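Hello,

Here is the structure for you to look through. My notes follow below it.

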Amino acid sequence: MTLLPRFKPHGLTASTLLVMGSFYSPLLAAAESTQTVQDEWKFTLKNAYINRDFDNPNLKDTGSWSQAASLFYKSKMQETPLQIADKPITIGADASVQYAVRLSKDKHVADTVLPFDVQTQSQASNYLKYGATLKLGYDKTLLSVGELWLDLPVTAVDASRQLLTSYWGTNLKSQISDQLYAEIGRVTKVSPRNEEDFKKFSFTANGKTVYSDGLNYLDLRYQLTPSLKAEYYFGNLEDLYNKHYVGLEHQWKQPNFSLSSKFKYFNAKNDGHNFDIDAQNIGLLEMLKVNNQSFGMGYQQIIGESAYPLPDGFLPETYFINWNATGFFKKNEKSYHLMYGYDFKDYVPGLNAMVKYVYGHDFKAANGEKNHESESNLILNYALQQPYLKGVSLQYIRIDYNVKHGNDFGEDRLFVNYSKKF
């Protein structure tokens, strides 16, 4: 019995699609089973070139070129002699090893890709991430302890740079009924995309950093009708802030087109007296697909007394209607999102492209002046079709960011990926 399909985040998710495939990917793995029927291995190679060029000559350009090799393992769930109501308790284990080496010269600047030593002002020449998970299953319920791969508010698996973000803790998933899926958990540590070890969550504002002992969360998903899904999430980052999330997603499919409608509401408030956090995020997104073309239009607004909070460690909020390189979550910011995609499968099988444009305004710069910003993206994906090159894919992302009061930049990301499941 599989669990209910998960909501799919929006943003620069194409890198997740290419890098992770269907293994540890909530984007491609529409459903997750509590009972893995066989051992699964996945080997990946990822060559990543990322360079951000600031228009301001006083700012150093950031980026690096690196090569990664990773191995992921998911075990078959084995029956144990223990039974409850004539149903066995099952046991299994997962494991991961991720390694990357820097191929470029040390730029002596933090690039959010490689670990960076603040004292020596140097980029790491290589880094290693690894973890393991113990799994206990019963009927339609699965308990996991150890390394967690989470597709939730606050805790997303970020594959937009080099090695993947993962988390450490315990969670319990259960398919309560055909319509209702529930998940509860406690996450004590995070291993960000550009760091090796697991560490405590933290949040920084106005030069003050506070650490949290853990994130406690509840996630409920309900299939209201065959075409309408609802989700509610509550997360408590101890001593930092609480987050509520409500999402609705509707799919309208017709012979010649399909329309996806998403409504997202986030509410974040401080937990304790360490910070003054009070922010809401309301988002709407419409995606129309006609034959090989996709059209998207969205709106996002931040309401409240603060910017929308994100934990330290470059942890993206991919549950936003459209997570970009910028984010567009500043205090009082309103942003408008336009997207267009085309699948060239009729001409060049394996090739697809998307362009995005986002404009945000009604927020203030650090000096108090009214500000506005924009970001445009070009995303090209190509999965090689030749049988002897199966598993090889390419991705190019171009990002152009402009802001009235601040620093403009252009960024190029080029990924060459290989994945093999066995």
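Lys208 lies over the face of Phe275, 5.6 Å from the ring centre. The test is NZ of Lys or CZ of Arg within 6 Å of the ring centre and within 35 degrees of the ring normal.

Before you read on: this is a predicted model, where local features need pLDDT of at least 70, side-chain atom pairs count only at pLDDT 80 or more, and totals for chains, interfaces and linings use all residues. Residues are numbered from 1 along each chain as its sequence is written, and side-chain values use heavy atoms, with hydrogens and water left out.

Next, the aromatics. A search of the whole structure gives 22 aromatic pairs. Rings of Phe, Tyr and Trp (its six-membered ring) pair if their centres lie within 6.5 Å; planes under 30 degrees apart are stacked, over 60 edge-to-face, the rest tilted. Take Tyr245 and Tyr319: the ring centres are 5.1 Å apart and the planes stand at 85°, so this pair is edge-to-face. It links distant parts of the chain, 74 residues apart. Tyr245 is in strand 15 (residues 241-253), and Tyr319 is in the loop between strand 18 (293-304) and strand 19 (334-343). Helices (H or I, at least four residues) and strands (E, at least two) are DSSP runs, numbered from the N terminus.

Are these two tyrosines buried or exposed? Tyr245 is buried, at 0% relative accessible area. Tyr319 is buried too, at 1%. The cut-offs are under 20% for buried and over 50% for exposed, with partly exposed in between (1.4 Å probe, protein chains only). Both tyrosines belong to one aromatic cluster, together with Phe266, Tyr308, Phe320, Trp323 and Phe329.

Phe328 is in the loop between strand 18 and strand 19. Its phi is positive, about 55°, although it is not a glycine. Phe328 is buried, with a relative accessible area of 0%.

Asp86 also has a positive phi without being a glycine, at about 65°. It is in the loop between strand 3 (78-84) and strand 4. Asp86 is exposed, at 71% relative accessible area.

Last, Asp94. It lies in strand 4 (residues 87-102) and is buried, at 9%. Its side chain makes a polar contact with the side chain of Lys135, at 2.8 Å. A polar contact is a pair of N or O atoms within 3.5 Å; within protein, one must be able to donate a hydrogen and the other to accept it, and residues adjacent in sequence count only if both atoms are side-chain atoms.

Best wishes
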